[in-house]
Amino acid sequence: MELNADFSKRVVMHSEQIDWQPSPMKGVDRRMLDRIGGEVARATTIVRYAPGSKFSAHTHTGGEEFIVLDGVFQDEHGNFPAGTYVRNPPTTSHTPGSDEGCVIFVKLWQFDMEDRTQFRKTMADELGDAVDGVASAVLHQDDREIVSYLQLDADADYSSDATGGIELLVLDGTITVEGDELAKGAWLRLPEGAHLTAQAGQDGAKVWMKTGHLPFAQAPAI
């Protein structure tokens, strides 16, 4: 399966307007944003766990990173409430689920295959002081990518000329980019060489962002 697999194109997806699709695991549904591959895929997805649902134990051969958007995600490593950013690099394993139900934004098979750094962070705790209405935090950085969390005050402007492409997810509030109003759940991917200029709405915005990674995009090596 291929969905938004041409990384030279600008893509906007308003995830909260997409119908939920069942996954192979009962009680776990998803909204696909981009995908290359079948059930083993380089994928960017919103995933919803019904209360009491879980996946069977599995190993992330290609790595997994995710943000808990709502509820509490759980596995044998702990409880991960909304606002938590998690990186599970290649070779890590777990049995994910949620007693109360949760929603996560998850990216699969998008790691450096030599990466072995596993961690979790509460994104808001990483923020520095605001500059011109924008507080930011670098959640992860390596030779391939930079992952950030941004908190924009009302009407604040933000711009980026990052190389290697730009991807963002609006976690709360609204931003406007090139005439598109992106509300909570909106996902934007800009190709390599694109410039990002965004303005927060009257209630401000919270945004997850990744840059530099698109030249490495490829199907899973299986």
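User: DSSP runs give the elements here: helices are H or I with at least four residues, strands are E with at least two, and numbering starts at the N terminus. In which strand is the place of Val207?

Analyst: Val207 sits in strand S21. This is a predicted model, where local features need pLDDT of at least 70, side-chain atom pairs count only at pLDDT 80 or more, and totals for chains, interfaces and linings use all residues. Residues are numbered from 1 along each chain as its sequence is written, and side-chain values use heavy atoms, with hydrogens and water left out.

User: Is Val207 buried or exposed?

Analyst: Val207 is buried, because its relative accessible area is 3%. The cut-offs are under 20% for buried, over 50% for exposed and partly exposed in between, with a 1.4 Å probe and protein chains only.

User: Which residues does Val207 touch?

Analyst: Leaving out residues up to four places away in sequence, Val207 touches Ser148, Tyr149, Leu150, Leu168, Leu169, Leu171 and Ile175. Contact here means heavy atoms within 4.5 Å. Val207 and Leu168 are 39 residues apart along the chain, with their C-alpha atoms separated by 6.7 Å.

User: OK, cores. How many residues has the largest nonpolar core?

Analyst: The largest nonpolar core has 19 residues. Those with the most contacts inside it are Leu152, Leu168, Ile175, Val177, Leu182, Leu188 and Leu196. Strands S16 (146–152), S18 (166–177), S20 (186–190) and S21 (196–211) each give two or more residues to this core. S21 gives the most, with six residues. A nonpolar core is a set of buried Ala, Val, Leu, Ile, Met, Phe, Trp, Tyr and Cys residues joined through side-chain atoms within 4.5 Å.

User: What does Leu182 touch?

Analyst: Not counting residues up to four places away in sequence, Leu182 touches Val12, His14, Leu168, Val170, Gly173, Thr174, Ile175, Val177 and Leu188.

User: Switching to voids. How many cavities of 30 Å³ or more?

Analyst: The count comes to one cavity of 30 Å³ or more. The rule uses a 1 Å grid over the protein atoms alone: a cavity is a set of points where a 1.4 Å probe fits but cannot get out, a pocket is an open set with protein on both sides within 12 Å along at least five of seven lines, and lining residues have an atom within 4 Å of a point. The largest cavity has a volume of about 50 Å³. Volume is the space filled by probe spheres set on the points, with grid points joined across faces, edges and corners.

User: What lines the largest cavity?

Analyst: Leu150, Leu152, Tyr158, Leu168, Ile175, Leu196, Ala198, Val207 and Met209 line it. S16, S18 and S21 each give two or more residues to that lining. S21 gives the most, with four residues. By class, the lining of this cavity has nine nonpolar, no polar and no charged residues. Ala, Val, Leu, Ile, Met, Phe, Trp, Tyr, Cys and Pro count as nonpolar, Asp, Glu, Lys and Arg as charged, and the others, Gly among them, as polar.

User: And the largest pocket, what volume?

Analyst: The largest pocket has a volume of about 590 Å³. Its lining has 26 residues, and Glu39, Phe55, His58, His60 and Leu108 lie nearest its centre. Strands S4 (28–37), S5 (41–49), S7 (58–60), S8 (64–75) and S13 (102–108) each give two or more residues to this lining. S5 gives the most, with four residues. The classes are 14 nonpolar, eight polar and four charged.

User: How much space lies in the second largest pocket?

Analyst: About 410 Å³ lies in the second largest pocket. It is lined by 23 residues, with Val68, Leu69, Asp70, Leu171 and Lys184 closest to its centre. S8 and S18 each give two or more residues to this lining. The classes are 13 nonpolar, four polar and six charged.

User: Which residue has a positive phi of about 65°?

Analyst: That is Asp155, which is not a glycine. Asp155 is in the loop between S16 and strand S17 (157–160). Asp155 counts as partly exposed because its relative accessible area is 49%. Glu178, also not a glycine, has a positive phi near 50°. Glu178 is in the loop between S18 and strand S19 (180–182).
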